[in-house]
Amino acid sequence: MADGCQAAVPAALMHIGDSWLSAWVDGELTAAERHAAAAHLDACPHCTADLAGLAKVRGLVASLPVRRSPAGLLAAAAASARLAGAVGPSAGAGTVAASDTGPLTAARPHANRATQVAAGVAVLAGFLGGAAFTLGGQPLPQERVVRVPMDAFVADHLVRTGGGPVSAPVLVNGQP
Amino acid sequence: MGTAAPPPGWGPGHDSGGAPRDPRPTWDEVAERYGTKVYNVAYRLTGNPDDAADLAQDVFVRVYRNLDRYEPGTFDGWLYRITKNLFLDQIRRRKRLRMEPLSDDEWRQPASTDPGPADVAERRTLEADLQAGIAALPADFRLAVVLCDVEGMTYEEIAATTGWPIGTVRSRIHRGRTRLRTHLVRARRTAARDTVDGEPRG
């Protein structure tokens, strides 16, 4: 048991060693282990204090604020994968049936196409310029979701090149 | 759900009891559901925005390229396993480039020079201390603590994601937390020594 432990080591916890304390905090002990641990804690102020410290650390980590990515990170990843030659997920993949009770929501209709294309140009320009990931130490404002018309791009690309290597698309006024 | 028997999933949540499996999501669904989560986990694992962006992007690229090959299983599990593998890859690469981790002093600088309300500064410093403590942990302890305490995964889920036996999961979480606690105690003690009545000395 831990240094300073003031009571007998319960037999049920022998095989676990000190980490029974964290397992207690996480609710990961079996009923028998929990029973033995409770009896030990009643008799051992040292382990009780230790437990409180561990619970506190866990609570602190659990309450760390959610850090948000720079805008366009996902779209830049998709762009990067395509530049390296990946065709990417097929257009119809994973259509979710209306009756499906799985954890994912149904796909939403795409935003207005002109907006999409304009956003796509901005994202790709940002990615190619390498400016996308310069960050200070601050948490970032709410991430803006940028939608890139990948399906249209892939379709265009295949028609034009017969499936050749992908180059960065150049769009003028929304047209290739 | 379909009436055919589901194909064997290769996510850790494979359920022979016939419970629903996650269908293959579209890229938009991945972005919406996992975009923030992956970056946040990457940030907590790596401790800084640049490495976090690199790691998150590596994860998304791999997901993008392999999404068609995802078999119905547990999408979370698949995604976390990718994240863990790419995190460990990054650690190995960084070891060759950088011999020392960021010092505690670098992390204790407030995020901006604007003093702001005292409690905001206090919270930022605590976050910085905590994140520095996490970043100082060996990679495996870091994974254990982040998956458990940031992502709220059970020991079983962590074991499935990492491939570690449950006993190893438990002991790495415990050792990670105890080291983190020691780090925090020292950091707070130093911070207290360096202030007079709550104001920085000199």
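The charged end of B:Arg172 sits over the ring of B:Trp164, 4.5 Å from the ring centre; for this assignment NZ of Lys or CZ of Arg must be within 6 Å of the ring centre and within 35 degrees of the ring normal. The model is predicted, so local features need pLDDT of at least 70 and side-chain atom pairs count only at pLDDT 80 or more, whereas totals for chains, interfaces and linings use all residues. Residues are numbered from 1 along each chain as its sequence is written, chains are lettered from A and ligands numbered from 1 in the order in which they are written, and side-chain values use heavy atoms, with hydrogens and water left out.

Chain A contains 6 helices and 0 strands, where helices (H or I, at least four residues) and strands (E, at least two) are DSSP runs numbered from the N terminus. The elements of chain A run α-α-α-α-α-α from the N terminus on. Chain B has 8 helices and 2 strands, in the pattern α-α-α-α-α-α-α-α-β-β along the sequence. Of the 176 residues of chain A, 35% count as buried; for chain B the figure is 47% of 202 residues. Buried denotes under 20% relative accessible area, exposed over 50%, and partly exposed the range in between (1.4 Å probe, protein chains only). Contact means heavy atoms within 4.5 Å. Among contacts in chain A between residues at least 6 apart in sequence, 67% join residues at least 24 apart. In chain B, residues 24 or more positions apart account for 68% of the contacts with a separation of 6 or more.

Rings of Phe, Tyr and Trp (its six-membered ring) were paired if their centres lie within 6.5 Å, with planes under 30 degrees apart classed as stacked, over 60 as edge-to-face and the rest as tilted. This rule gives 6 aromatic pairs over all chains. One of them joins B:Tyr70 and B:Trp78 in a tilted arrangement, at 5.2 Å centre to centre and 45° between the planes. B:Phe75 and B:Trp78 form a tilted pair at 5.3 Å centre to centre, with 50° between the planes. These two residues are separated by about one helical turn because B:Phe75 and B:Trp78 are 3 residues apart in helix α3 (residues 75-97) of chain B. B:Phe75 is buried at a relative accessible area of 0%, and B:Trp78 is buried at 6%; B:Tyr70 is also buried. Ring pairs link B:Tyr34, B:Tyr70, B:Phe75 and B:Trp78 into a cluster.

A nonpolar core is a set of buried Ala, Val, Leu, Ile, Met, Phe, Trp, Tyr and Cys residues joined through side-chain atoms within 4.5 Å. The largest such core has 70 residues, and those with the most contacts inside it are A:Trp20, B:Val63 and B:Phe75. Leaving aside neighbours within four places in sequence, B:Phe75 is in contact with B:Asp22, B:Pro25, B:Val30, B:Tyr34, B:Val63, B:Leu67 and B:Tyr70.

B:Leu143 lies in helix α6 (residues 139-150) of chain B and is buried at 1% relative accessibility. Beyond neighbours within four places in sequence, its contacts are B:Leu45, B:Lys84, B:Phe87, B:Leu88 and B:Trp164. B:Leu143 and B:Phe87 are 56 residues apart along the chain, and their C-alpha atoms are separated by 8.9 Å.

Helix α8 (residues 166-193) of chain B has 28 residues and should span 40 Å at 1.5 Å a residue, in agreement with the 41 Å between its end C-alpha atoms; the expected span is 1.5 Å times one less than the number of residues. Buried residues of α8(B) include B:Val169, B:Ile173, B:Gly176, B:Leu180, B:Leu184 and B:Ala187.

In chain A, the 13 residues of helix α2 (residues 31-43) should span 18 Å, which agrees with the 19 Å between the end C-alpha atoms. Buried in α2(A) are A:Glu33, A:Ala36, A:Ala37, A:His40 and A:Leu41. They cover an arc of only 140° around the axis and therefore lie on the same side of α2(A), the arc being that of the directions from the helix axis to the C-beta atoms. On the other side of α2(A), A:Ala31, A:Ala32, A:His35 and A:Asp42 are exposed. The cover of the buried residues of α2(A) includes α1 (20-25) and α3 (45-62) of chain A.

A:Gly88 is found in the loop between α4 (73-83) and α5 (113-128) of chain A and is buried, with a relative accessible area of 16%. Leaving aside neighbours within four places in sequence, A:Gly88 is in contact with B:Tyr64 and B:Asp68.
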